[in-house]
Number of protein chains: 2
Amino acid sequence: MSSSIIKLASSPRITLVGAGTIGLSFAGFHLRHLRAPEDLTILDTRPDLREYVKTNLPKYLDASQHHLVSRVNISDSLQDAVKDADIVEEQGPENLPFKESIWPKIEEAAPKHALLWSSTSGIPASQQSAKMQDKTRLLVVHPYNPPHIIPLLEVVPSPSTSKDVISQTLTFWKARGREPIVMKKECIGFVSNRLAFALLREGIHLVKEGVLTVEEVDRLVETSMGPRWAVWGPFKSYHAGGGPGGLEGFFKNIGGTVQGCWDDAGRENVGDGWERDIFCQAQESYGVVDTAQRDEKTRKILEITRK
Amino acid sequence: MSSSIIKLASSPRITLVGAGTIGLSFAGFHLRHLRAPEDLTILDTRPDLREYVKTNLPKYLDASQHHLVSRVNISDSLQDAVKDADIVEEQGPENLPFKESIWPKIEEAAPKHALLWSSTSGIPASQQSAKMQDKTRLLVVHPYNPPHIIPLLEVVPSPSTSKDVISQTLTFWKARGREPIVMKKECIGFVSNRLAFALLREGIHLVKEGVLTVEEVDRLVETSMGPRWAVWGPFKSYHAGGGPGGLEGFFKNIGGTVQGCWDDAGRENVGDGWERDIFCQAQESYGVVDTAQRDEKTRKILEITRK
């Protein structure tokens, strides 16, 4: 194992580019694992950055860690922020011109060995790296919100990303008990959003058709496939559902019903006019939500499933 | 509250028609709540029924309840089995001719007040009741497998089902801590399967495209949307994701990405040829699965989410 890999697994210096909710959630996660809070740097252009981090970062930490916040480096200079970094993790504005223009600057200012990760939810590394000198260094590490709680990281290399960079990235996350999953191809929306949005689309359809309300769809998921899929994903669940015949047996038994559901599935699009009623239902049912309670329950569930 | 409703909430006599895995799982559930095991009757035409129940029903019970099994009524005569029932719950063969022909017989032999439920995963009550004298009595109560663990019950009345029958059905399940959700319209596959199969279809597509393996898709779901949706369903999750703007804010921020995923979504059909590789992957990854372990974890998760 090379010394840089050992360093990544144990005590890297990390620079976060962008301090929105994803950035702060990552900051919370990294602070739990870094040797010292001084090894974390947060770069953002907002004028009140220091005050903002002081106010908001504690939400992503246990009370016992709040004192670490004041020791985190705060920076508004890209050069200063990345010059000693072993990892640069970007969650800036979600548009290609921003990403395309920032990576050549980071590439120039950061050490040659630094890993370059984008948290983008949709812009592939092959596009973001267009203007970089060395496109082998960049890849997408897309979290499932919020990353200080949820284990999944979608690791999406471009065709240019080097095997070594992928391997170091996996080493880093696995050493911290996380679940990095490497996509073998770039595709629109990566995987988690594509899967979730497919279910969401059908949920929108059924609400629009008046079969259930927004709240009833949620309740239904929370009391059936949610807890099930926390333990076993859909393929394994249906493999079990097929008895001794496995997934093949499942499709032999109820493939007709599956196809019937697919044939009748909704094809709603964004802007089709379902929005008004559904946004309104969500607002009336949920108003302002308390994510702290959600996160505490999610953490307990993960303790059970990871045993 | 009428006396029959009080009886349903506390001490009904229940007859299960059909003793497959769903039937035995329901038997396990009911035995936890019935006043006495003699109040449960299991009807099935298999010749070794008594031996079969004795061997398999304990799998759905805690060890402390195994002694109850020998006291359950076993019957191969429809007339005898339903004549004193307050509830008849059917999970026989999943085809319309069977369902259509059995309900008139049950209707004739059971007490007038008895509730008539079908556990079908796809044949609506409006079709099943075609030959009944009184179509107001029948409705679908579709469980999410296995019903002795999973709280959801999809309650799907036909347009003929009486309000009183629906209301008594809800009373029964709510009194037992379950989550009955009433669909306002019959539709193909009801709701839970439609939602789950929409996600499954996209999973099949991404495996077929070589983006991830079957096992990776499962792992991805288990470490992201599974635990999330066990706590908050998809609408509530995205409502939170939109910050102060709620679900509307969410679509304002990333509606373009959502539509991009929908436009690019897979349209695989049953029999398209993806089966061979995917069934094979499932078999190689999972082989024979141990549902007892899954059920224990699911039970613990539900203890957390229902607090």
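B:T161 sits in the loop of chain B that runs between β7 (152-157) and α7 (163-175). This is a predicted model, and two spots in it are worth a look here: B:T161 in its loop, and helix α13 (residues 275-286) of chain A.

**The threonine in the loop**

- B:T161 counts as buried because its relative accessibility is 9%, under the 20% cut-off.
- A polar atom of the B:T161 side chain lies 2.8 Å from the backbone oxygen of B:L138.
- That side chain also reaches the backbone nitrogen of B:S158, again at 2.8 Å.
- Leaving aside residues up to four places away in sequence, B:T161 touches B:K135, B:T136, B:L138, B:L139 and B:I166.

**Helix α13 of chain A**

- This helix has twelve residues and spans 16 Å from its first C-alpha to its last, close to the 16 Å expected.
- Its buried residues are A:E275, A:I278, A:F279, A:Q281, A:A282 and A:Y286.
- Viewed down the axis of α13(A), these residues fall within an arc of 155°, so they line one face of the helix.
- An α-helix has 3.6 residues a turn, so residues three or four places apart point the same way.
- On the face turned away from the buried side, α13(A) carries the exposed residues A:R276 and A:E284.
- The cover over the buried residues includes α8 (192-208) and α9 (214-222) of chain A, along with α11 (234-241) and α12 (246-263) of chain B.
- After α13(A) comes A:G287, with a positive phi near 50°.

**The annotated domain**

- UniProt, in an unreviewed entry, lists residues 14-185 of chain A as "domain: 3-hydroxyacyl-CoA dehydrogenase NAD binding".
- Residues 14-185 of chain A are 33% helix and 20% strand, with end C-alpha atoms 27 Å apart.

Methods. Residues numbered from 1 in each chain as written. Chains lettered and ligands numbered in written order. Predicted model: local features only at pLDDT ≥ 70, side-chain atom pairs only at ≥ 80, totals over all residues. Heavy atoms only, no water. UniProt positions renumbered as here; feature names shortened; annotations may be inferred. Helix = DSSP H or I, 4+ residues; strand = E, 2+ residues; numbered from the N terminus. Expected span 1.5 Å × (residues − 1). Buried < 20%, exposed > 50% of the residue type's maximum accessible area, 1.4 Å probe, protein only. Arc of directions from axis to C-beta. Contact = heavy atoms within 4.5 Å. Polar contact = N/O pair within 3.5 Å; in protein donor to acceptor, adjacent residues only side chain to side chain.
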